[in-house]
Amino acid sequence: MAVFSSLTPVFVAVLCVIIVFFFKNSQRRENRSKQKPSDQTARPWADEDLQDNTEISTKHSEDDDGDDWLDTAEEDLVHIPYSPSQYSASEMLQRSEKFYSLMNLRRSVRCISPEPVPKEVIHNVIRTAGTAPSGAHTEPWTFVLVSDADVKHKIREIVEEEEEINYKQRMGDKWVHDLKKLRTNWVKEYLDVAPYLILVFKQIYGVLPSGKKRTHYYNEISVSISCGILLAALQNVGLVTVTTTPLNCGPQLRSLLQRPANEKLLMLLPVGYPSPDAKVPDLKRKPLDQIMMTV
Ligand SMILES: NC(=O)C1=CN([C@@H]2O[C@H](COP(=O)(O)OP(=O)(O)OC[C@H]3O[C@@H](n4cnc5c(N)ncnc54)[C@H](OP(=O)(O)O)[C@@H]3O)[C@@H](O)[C@H]2O)C=CC1
Ligand SMILES: Cc1cc2nc3c(=O)[nH]c(=O)nc-3n(C[C@H](O)[C@H](O)[C@H](O)COP(=O)(O)O)c2cc1C
Ligand SMILES: N[C@@H](Cc1ccc(O)c(Cl)c1)C(=O)O
């Protein structure tokens with residue numbers, strides 16, 4: 001008993017040292033994991049809410065035996081002067097009003113004329129889409145331009161088959177109800193009729209000359225921005241489209257168009273002139289005070 005009572009203070013002291021040691025260690029580990037992702041599953045650029053399926057670079061993976069990601073040529077990239085056009089305040093106002101008026105006339109048009117469209121115009125529209133900013137300038141987009149009647153028809157078959165199931169089963173009553181005002185259904189005549197279909201693919205990763213994967217940061221956001229610019233470029237030349245996202249068609253369309261495994265369909269845009277009898281739902285847009293908060 002006497003031995004125990006004399007040991008207790010020593011025992012308590014040792015116990016305290018052990019507890020402090022463990023506590024400090026666990027704090028250090030926590031801090032380290034906050035400061036620097038310690039494993040390759042940490043992907044701060046992939047927004048969970050967006051369900052951005054960006055794939056991680058294989059830089060630290062087991063099969064990695066080199067420093068492909070270290071591109072010295074890019075490290076030495078020169079920085080050049082940049083002085084774009086500037087306008088007076090009144091010119092700016094005029095230009096902003098003009099551009100707003102043009103864009104405010106943009107509508108999703110589902111009745112497209114078969115009238116041919118100059119190919120060079122479409123090429124310029126796609127060039128313009130390719131001016132979009134992208135995560136780490138990875139330019140993670142592929143625009144597949146389809147004008148071949150047989151391929152367009154195959155696309156229509158795939159889309160209509162899946163969209164019928166979407167409307168009847170996958171989308172559910174609420175979504176179908178919310179779309180009633182648009183009078184859409186699974187019949188997609190514009191896929192045969194429009195002179196061009198542009199299928200926009202996001203590259204979920206790139207492929208380096210060595211065959212290894214290159215990380216495409218924020219690829220979905222980057223490609224979505226390029227699609228916005230593409231829509232503006234179409235509007236600028238008087239062409240129409242409808243932004244479509246044919247659910248469950250991605251893999252089939254990718255394989256029909258022989259796109260590689262790193263590409264996923266983001267949007268399908270039928271492009272042409274509006275048909276003379278085209279109608280659009282009389283939708284209203286939110287005014288500025290409902291979309292802008294000033295602080
Ligand atoms: N952002 C969104 O919330 C959604 C958008 N869509 C839109 O619908 C359209 C068609 O997409 P949909 O077919 O439904 O969906 P996906 O193209 O995402 O494909 C559906 C399934 O196929 C897999 N897949 C597709 N492409 C690849 C690829 N290149 N490599 C590996 N796996 C692949 C997906 O894998 P995984 O599960 O790994 O992605 C998923 O399981 C597009 O326009 C798309 O933008 C569709 C669904 C949701
Ligand atoms: C992300 C996104 C997905 C869309 N998917 C479809 C679609 O699959 N089919 C379709 O007919 N329209 C689709 N639309 C078009 C919308 O229905 C349309 O933008 C909306 O009704 C507003 O009309 P507006 O484009 O004329 O302003 C989509 C639009 C966006 C932005
Ligand atoms: N993809 C279907 C359903 C659809 C229609 C319009 C939309 O705005 C959305 Cl989000 C979905 C279709 O193209 O009919």
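Let me begin with Asn262, which is buried, with a relative accessible area of 8%, and let me say at once that what we are looking at is a predicted model. Asn262 counts as buried because its 8% falls under the 20% cut-off. As for where this residue sits, its place is in the loop between helix H9, residues 250-256, and strand S5. Which residues does Asn262 contact, once we leave aside its neighbours within four places in sequence? They are Lys202, Gln203, Ile204, Tyr205, Gly206 and Val207.

Helix H8 itself runs over residues 219-236, and its 18 residues reach 26 Å from the first C-alpha to the last, close to the 26 Å expected at 1.5 Å a residue. Its buried residues include Val223, Cys227, Leu230, Leu231 and Leu234, but also Asn219, Glu220 and Gln235. Just after H8, Gly238 takes a positive phi of about 80°.

Now to the ligands, starting with ligand 2. Its surroundings include Arg106, Arg107, Ser108, Arg110, Thr243, Thr244, Leu283 and Arg285, and the shell as a whole divides into three nonpolar, five polar and four charged residues. Oxygen atoms of ligand 2 lie 2.7 Å from a polar side-chain atom of Arg107, 2.5 Å from an N or O atom in the side chain of Ser108, and 2.9 Å from a polar side-chain atom of Arg285. Taken alone, ligand 2 exposes 620 Å², and the protein buries 64% of that.

Ligand 3 has around it Glu163, Tyr167, Met171, Trp175, Leu179, Leu182, Thr184, Asn185 and Lys188. Helices H5 (149-170) and H6 (172-179) each supply at least two residues of this shell, which divides into five nonpolar, two polar and two charged residues. Which side chain places a polar atom 2.7 Å from a nitrogen atom of ligand 3? That is Glu163, whereas a polar side-chain atom of Tyr167 lies 2.5 Å from an oxygen atom of the ligand, and an N or O atom in the side chain of Lys188 is 2.6 Å from an oxygen atom of ligand 3. On its own, ligand 3 has 360 Å² of accessible area, of which the protein covers 75%.

Notes. Residues are numbered from 1 along each chain as its sequence is written. Chains are lettered from A and ligands numbered from 1 in the order in which they are written. This is a predicted model: local features need pLDDT of at least 70, side-chain atom pairs count only at pLDDT 80 or more; totals for chains, interfaces and linings use all residues. Side-chain values use heavy atoms; hydrogens and water are left out. Helices (H or I, at least four residues) and strands (E, at least two) are DSSP runs, numbered from the N terminus. The expected span of a helix is 1.5 Å times one less than its number of residues. Buried means under 20% relative accessible area, exposed over 50%, partly exposed in between (1.4 Å probe, protein chains only). Contact means heavy atoms within 4.5 Å. A residue is near a molecule or strand if one of its heavy atoms lies within 4 Å of it. A polar contact is a pair of N or O atoms within 3.5 Å; within protein, one must be able to donate a hydrogen and the other to accept it, and residues adjacent in sequence count only if both atoms are side-chain atoms. Accessible areas come from the Shrake-Rupley method with a 1.4 Å probe; for residues, only the protein chains shown count as cover. Ala, Val, Leu, Ile, Met, Phe, Trp, Tyr, Cys and Pro count as nonpolar, Asp, Glu, Lys and Arg as charged, and the others, Gly among them, as polar.
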